[in-house]
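Visitor: Hi! Could you walk me through this one?
Guide: Happy to. Here it is.

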Amino acid sequence: MSKNILRHLAIIMDGNGRWAKRRGLIRTKGHEKGADIIRDITQYCAEHKTIETLTLYAFSTENWKRPKYEVDFLMRLLDRWLKQELPTYHRFGARFETIGDIEGFSPKLQETIASIKAQTAHHTNLIQILALNYGSRSEIAKAASRLAKRGEEITEKSLGEELTTPYQDIDLLIRTSGEQRLSNFLLWQLSYSEFYFTKTLWPDFTTEELEGIINQYIDRDRRFGGV
Ligand code: IPE
Ligand code: IPE
Ligand code: MG
């Protein structure tokens with residue numbers, strides 16, 4: 001049996017709040033630690049021979065339901081983190097992209113996002129996509145609505161291409177923290193992906209664990225409906 005190739009890895013980075021709570025810290029400390037982990041994982045993926053795209057779920061359309069102080073903190077953290085990570089993108093040759101409704105963010109944060117995208121657009125080792133204010137049902141509904149408005153036929157191909165993630169299908173999805181659900185993440189793009197759920201909380205996730213998961217993925221039997 002031939003080995004599976006991993007081109008597109010997606011991760012639901014979950015468990016920051018529980019990580020902090022277990023240490024007697026406020027939830028926001030977990031978000032800070034979680035943000036740091038992204039650098040290691042991005043480096044690993046940029047240096048990996050076959051990974052082309054890393055998509056990370058950072059803020060869902062449902063996360064606005066959280067207390068205002070936590071949402072405000074996450075917005076400030078994202079702004080600070082992006083500016084601070086610019087050298088990281090350059091060092092690892094990673095291009096920064098996003099999916100989700102960025103228009104829902106403050107003009108200042110939108111500006112930072114646009115600026116980091118522009119400054120990293122030439123990098124080719126890895127595309128790192130952050131899902132920000134992202135919800136899959138909304139993404140699909142909006143894509144269908146755009147096609148309908150243009151009077152175009154809605155087919156698997158046209159709808160798939162109209163989504164904001166016209167990158168290659170996801171090969172492997174990892175969710176940390178033990179939860180086994182999608183939480184409105186990439187429903188369309190995950191149709192034939194392999195799933196891996198780990199109990200590790202995101203701030204404790206390591207490249208060693210990632211490597212183990214990838215090695216396990218490589219040997220899985222992906223049949224895509226065939227035999
Ligand atoms: C994931 O960690 C990060 C975001 C959703 C922003 P959580 O904040 O959901 O952590 P738990 O699930 O409460 O532990
Ligand atoms: C999903 O995690 C969203 C992100 C990781 C950004 P949540 O913690 O928000 O999901 P639920 O509420 O457990 O489904
Ligand atoms: Mg959570």
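Predicted model: local features only at pLDDT ≥ 70, side-chain atom pairs only at ≥ 80, totals over all residues.

Visitor: Great. Which residues are around ligand 2?
Guide: The residues around ligand 2 are I12, M13, D14, Y57, A58, F59, N63, R66, R175, R181 and S183.

Visitor: Which strand gives the most to that shell?
Guide: That would be β2, residues 53-60, with 3 residues in the shell around ligand 2.

Visitor: And what lies 2.7 Å from an oxygen atom of the ligand?
Guide: A polar side-chain atom of R181 is at that distance from an oxygen of ligand 2. For N63, an N or O atom of the side chain is 2.9 Å from a ligand 2 oxygen, and for D14 a polar side-chain atom is 3.2 Å from one.

Visitor: How much of ligand 2 does the protein cover?
Guide: On its own, ligand 2 has 390 Å² of accessible area, and the protein covers 77% of that. The space ligand 2 takes is also the largest pocket.

Visitor: Nice. Switching topic: how many residues does α3 have?
Guide: Helix α3 has 25, running over residues 68-92. From first C-alpha to last, α3 reaches 34 Å, close to the 36 Å expected at 1.5 Å a residue.

Visitor: Where is the kink in α3?
Guide: The kink is at E85, shortly before the proline P87, and comes to about 45 degrees.

Visitor: What follows α3?
Guide: G93 does, and the phi of G93 is positive, near 65 degrees.

Key: Residues numbered from 1 in each chain as written. Chains lettered and ligands numbered in written order. Heavy atoms only, no water. Helix = DSSP H or I, 4+ residues; strand = E, 2+ residues; numbered from the N terminus. Expected span 1.5 Å × (residues − 1). Bend = angle between axes of the 7 residues up to and from the residue. Near = heavy atom within 4 Å. Polar contact = N/O pair within 3.5 Å; in protein donor to acceptor, adjacent residues only side chain to side chain. Areas by Shrake-Rupley, 256 points an atom, 1.4 Å probe, with all protein chains shown as cover. 1 Å grid on protein atoms, 1.4 Å probe; cavity = no way out; pocket = protein on both sides within 12 Å on 5 of 7 lines; lining within 4 Å. Sits in = over half its atoms within 2 Å of the grid points.
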